[in-house]
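The tour goes from stop to stop, and each stop says what to select.

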Amino acid sequence: QQYWWFYAVFTLFVLAVLALDLGVFHRQAHEVKYKEAVAWSAVWITLALLFNLGFWFYTSWKLALPECAELVKSMGYASPQKAANDVSLEFLAGYLIEKSLSVDNVFVFVVIFQFFAVPAKYQHRVLFYGILGALISRAIFIALGSVLLQYAVVIWVFGAFLVFTGAKLLFPHEQKKDLSSNPVLRVMRRVMPVTKDFHEQRFLVNIGGVRHATPLLVALLVVEFTDILFALDSVPAIFAVTREPFIVFTSNIFAILGLRAMYFLL
């Protein structure tokens with residue numbers, strides 16, 4: 001609890017970067033080309049590594065203070081430097097795990113955008129708000145995980161779930177990628193009329209005094225829904241390498257921030 005300001009500063013940093021991204025670099029809707037995707041991929045990876053470096057410097061300094069001697073000993077480390085090294089490696093391992101698991105999301109994005117025929121120049125806008133929602137949902141999942149994983153039985157349940165999802169990868173089966181039965185899509189069509197055509201990059205439009213959702217909004221909601229499903233195994237996976245919520249949160253967020261660039265790159 002005493003490090004709440006870490007979360008506050010980090011969240012403000014992320015929001016500032018996202019505002020700069022949408023408000024300056026992608027103010028005008030355009031198709032993200034390969035070179036731009038490469039540049040943004042490099043930016044997000046560099047930011048993650050710089051953060052890890054800064055995190056290492058901070059923990060090296062903090063844990064070397066006399067008042068932290070008992071804390072280092074209780075963590076089972078012989079020296080503050082060894083503790084700082086391991087903490088930084090936990091962030092790096094968590095980041096690599098989440099980055100690897102993000103590949104699943106990328107191919108789901110392809111399926112969603114093809115199904116809704118989302119024009120290339122509007123795809124970045126959908127992913128921007130989709131990832132913004134993912135940041136919120138992941139924060140909730142991580143907060144719940146940090147509480148639930150204090151109980152041994154929960155660890156076994158999540159472990160079994162990860163083994164089950166991993167085993168499914170060993171026995172893949174072909175199935176038609178049809179989103180028409182997606183529960184989000186079905187509920188959306190019952191709640192609000194959906195236009196057949198896109199209205200530039202708008203999510204909602206008024207037609208004859210009635211508010212309609214555009215296919216862009218429906219695609220966004222499906223993106224959000226699928227990310228929640230992916231979080232069910234990605235969050236427990238990172239808790240396998242660290243129990244520190246701040247490391248889980250930051251490594252998860254950095255991996256998510258690079259999702260858009262990874263999608264356009266591939």
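Where is the place of Ala117? Select Ala117: its place is in the loop between H4 and helix H5 (120–148). Helices here are DSSP runs of H or I with at least four residues, strands are runs of E with at least two, and both are numbered from the N terminus.

Before going further, note that this is a predicted model, in which local features need pLDDT of at least 70, side-chain atom pairs count only at pLDDT 80 or more, and totals for chains, interfaces and linings use all residues. Residues are numbered from 1 along each chain as its sequence is written, and side-chain values use heavy atoms, with hydrogens and water left out.

Most residues other than glycine have a negative phi. Ala117 counts as exposed because its relative accessibility is 51%. Exposed means over 50% relative accessible area, buried means under 20%, and partly exposed lies in between (1.4 Å probe, protein chains only).

Now select Glu200, in the loop between H7 and S1. Phi of Glu200 is near 55°, again a positive value in a residue other than glycine. With a relative accessible area of 56%, Glu200 is exposed.

**The hairpin**

Move on to strand S1 (residues 204–207) and strand S2 (residues 210–213). They run antiparallel and are joined by four bridges; two strands pair if DSSP finds at least two bridges between them. Pick Leu204 and look across to S2: its bridge partner there is Ala213. S1 and S2 form a hairpin with two residues between them. Gly208, in the turn, has a positive phi of about 60°.

Select helix H4 (residues 80–115), and within it Ser88. Is Ser88 buried or exposed? Ser88 is buried, because its relative accessible area is 7%. Not counting residues up to four places away in sequence, Ser88 touches Asn52, Phe55, Trp56 and Thr59. Contact means heavy atoms within 4.5 Å.

Further along H4 is Glu98. Glu98 is buried too, with a relative accessible area of 2%. Show its contacts, leaving out residues up to four places away in sequence: they include Arg138, Ser234 and Ala255.

Next, select His124 in helix H5. His124 has a relative accessible area of 6%, so it is buried. Leaving aside neighbours within four places in sequence, His124 is in contact with Asp21, His26, Val32, Arg260 and Phe264. For a distance exercise, pick His124 and Ala83: they are 41 residues apart in sequence and 40 Å apart in space, C-alpha to C-alpha.

**Helix pairs**

Show H4 and H5 together. They pack at an angle of about 135°, with their axes 13 Å apart. Axes are lines fitted to C-alpha atoms, for helices over the stretch in contact, and angles run from 0 to 180 degrees between N-to-C directions. H4 and H5 are therefore oblique to each other. Angles under 35 degrees count as roughly parallel, over 145 as roughly antiparallel, 65 to 115 as roughly perpendicular, and the rest as oblique. Which residues meet here, in H4 and in H5? Glu98, Asn105, Phe109 and Phe113 in H4 meet Gln123, Val126, Leu127 and Arg138 in H5. By class, this contact of H4 with H5 has four nonpolar, two polar and two charged residues. Ala, Val, Leu, Ile, Met, Phe, Trp, Tyr, Cys and Pro count as nonpolar, Asp, Glu, Lys and Arg as charged, and the others, Gly among them, as polar.

Go to helix H7 (residues 183–191) and helix H8 (residues 215–239), whose axes are 9 Å apart and which pack at an angle of about 140°. That makes H7 oblique to H8. Color Pro183, Val184, Leu185 and Met188 in H7, then Leu217, Val218, Leu221, Val222 and Phe225 in H8, which they meet. The contact of H7 with H8 has nine nonpolar, no polar and no charged residues.

In H8, Val235, Ile238 and Phe239 meet Val248, Ser251 and Asn252 in H9. By class, the contact of H8 with H9 has four nonpolar, two polar and no charged residues.
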